[in-house]
Amino acid sequence: MKTRILVTLSLFAAIGAVLHMVMPPFYNGMKPDMMLVMMFIGIILFPSLKNVTLLSIVTGVLSALTTTFPGGQIPNIIDKIITGFVFYGIFLVVKKIAQKVATATVLTVIGTIISGTIFLFSALMIVGLPGGVAFTTLFLTVVLPATLFNGGAMIVILPIVQAIFKRSNLTTITE
């Protein structure tokens with residue numbers, strides 16, 4: 001793995017962690033996961049199996065360290081690893097148009113729904129949902145708003161990242 005790619009992916013994970021920490025909660029301590037957006041950008045810009053593996057694990061651990069969901073550490077790790085690979089699989093299907101903001105936004109929406117579903121299901125199975133709240137309630141009050149928020153964030157963030165890459169002559173081609 002090239003050092004430049006590793007540093008860039010680390011920056012994406014760190015920016016995602018900071019955004020995750022400062023994001024206010026929506027409902028019952030749950031909040032939109034900005035780390036997902038940064039993970040998805042990393043996968044879109046540096047699509048390779050080893051990059052996805054590394055980024056998914058790091059994002060899962062950082063997300064677990066910054067979660068406000070009671071008992072959400074293990075579900076966060078499970079969620080990010082599975083979501084990273086599912087997103088990568090979907091990305092490979094539409095790879096030729098995935099650099100476009102509209103396509104990346106649709107992928108982000110799909111990825112966020114997958115992530116939220118996996119997180120809630122694994123939390124339900126491992127620690128239970130807080131306050132006896134139903135899965136559907138959390139899905140409707142947290143996952144769907146987070147999906148819209150992450151989609152909007154992708155619309156704003158991806159063009160900025162692409163412009164920075166273009167101006168600094170950085171390529172997104174993997175080894």
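Where is Val-127 found? Val-127 is in the loop between H5 and H6. Notes on the rest of the structure follow.

1. Basis. This is a predicted model, in which local features need pLDDT of at least 70, side-chain atom pairs count only at pLDDT 80 or more, and totals for chains, interfaces and linings use all residues. Numbering runs from 1 along each chain as its sequence is written, and side-chain values use heavy atoms, with hydrogens and water left out. Helices (H or I, at least four residues) and strands (E, at least two) are DSSP runs, numbered from the N terminus.

2. Val-127 and the nonpolar patch. Val-127 has a relative accessible area of 44%, so Val-127 is partly exposed. The terms are these: buried is under 20% relative accessible area, exposed is over 50%, and partly exposed lies in between (1.4 Å probe, protein chains only). Val-127 belongs to a nonpolar surface patch with Ile-74, Ile-78, Ile-82, Val-86, Phe-121, Leu-124, Met-125 and Ile-126. Together they have about 760 Å² of accessible area. H4 and helix H5 (101-126) each give at least two residues to the nonpolar patch. Patch members have over 30% relative accessible area and no salt bridge; nonpolar side chains (Val, Leu, Ile, Met, Phe, Trp, Tyr) are joined within 5 Å, like charges within 9 Å. Areas come from the Shrake-Rupley method with a 1.4 Å probe; for residues, only the protein chains shown count as cover.

3. Stacked pair. Rings of Phe, Tyr and Trp (its six-membered ring) pair if their centres lie within 6.5 Å; planes under 30 degrees apart count as stacked, over 60 as edge-to-face and the rest as tilted. The count by this rule is four aromatic pairs. One of them, Phe-40 with Phe-87, is stacked, at 4.1 Å centre to centre and 10° between the planes. Phe-40 sits in helix H2 (residues 34-45) and Phe-87 in helix H4 (residues 73-93), so this contact ties together parts 47 residues apart in sequence. Both Phe-40 and Phe-87 are buried.

4. Tilted pair. Phe-46 and Phe-165 have ring centres 5.9 Å apart and planes at 50°, so the pair is tilted. Phe-46 is in the loop between H2 and helix H3 (49-66), Phe-165 is in helix H6 (residues 135-167), and the two are 119 residues apart. Phe-46 is buried at 0% relative accessible area. Phe-165 also counts as buried, at 8% relative accessibility.

5. The largest pocket has a volume of about 150 Å³. Its lining has 10 residues, and the closest to its centre are Thr-8, Phe-12, Ile-15, Val-161 and Phe-165. Helix H1 (3-22) and H6 are the elements that give two or more residues to this lining. A pocket is an open set of points on a 1 Å grid over the protein atoms alone, where a 1.4 Å probe fits, with protein on both sides within 12 Å along at least five of seven lines; lining residues have an atom within 4 Å of a point. Points are joined across faces, edges and corners, and the volume is the space filled by probe spheres set on them.

6. Salt bridges. The structure holds two. The criterion is a side-chain nitrogen of Lys or Arg within 4 Å of a carboxyl oxygen of Asp or Glu. Lys-80 bridges to Asp-33, with the closest N and O atoms 2.6 Å apart. Lys-80 lies in helix H4 and Asp-33 in the loop between H1 and H2, so the pair ties together parts 47 residues apart in sequence. Lys-80 is buried at 0% relative accessibility, and Asp-33 is buried at 9%. Asp-79 also forms a salt bridge with Lys-80, the closest N and O atoms being 2.7 Å apart. Both Asp-79 and Lys-80 are buried. Shared partners join Asp-33, Asp-79 and Lys-80 into one network.

7. Exposed residues and spans. Leu-65 lies in helix H3 and is exposed at 68% relative accessibility. Thr-3, in helix H1, is exposed with a relative accessible area of 62%. Thr-3 and Phe-119 are 116 residues apart along the chain, and their C-alpha atoms are separated by 31 Å.
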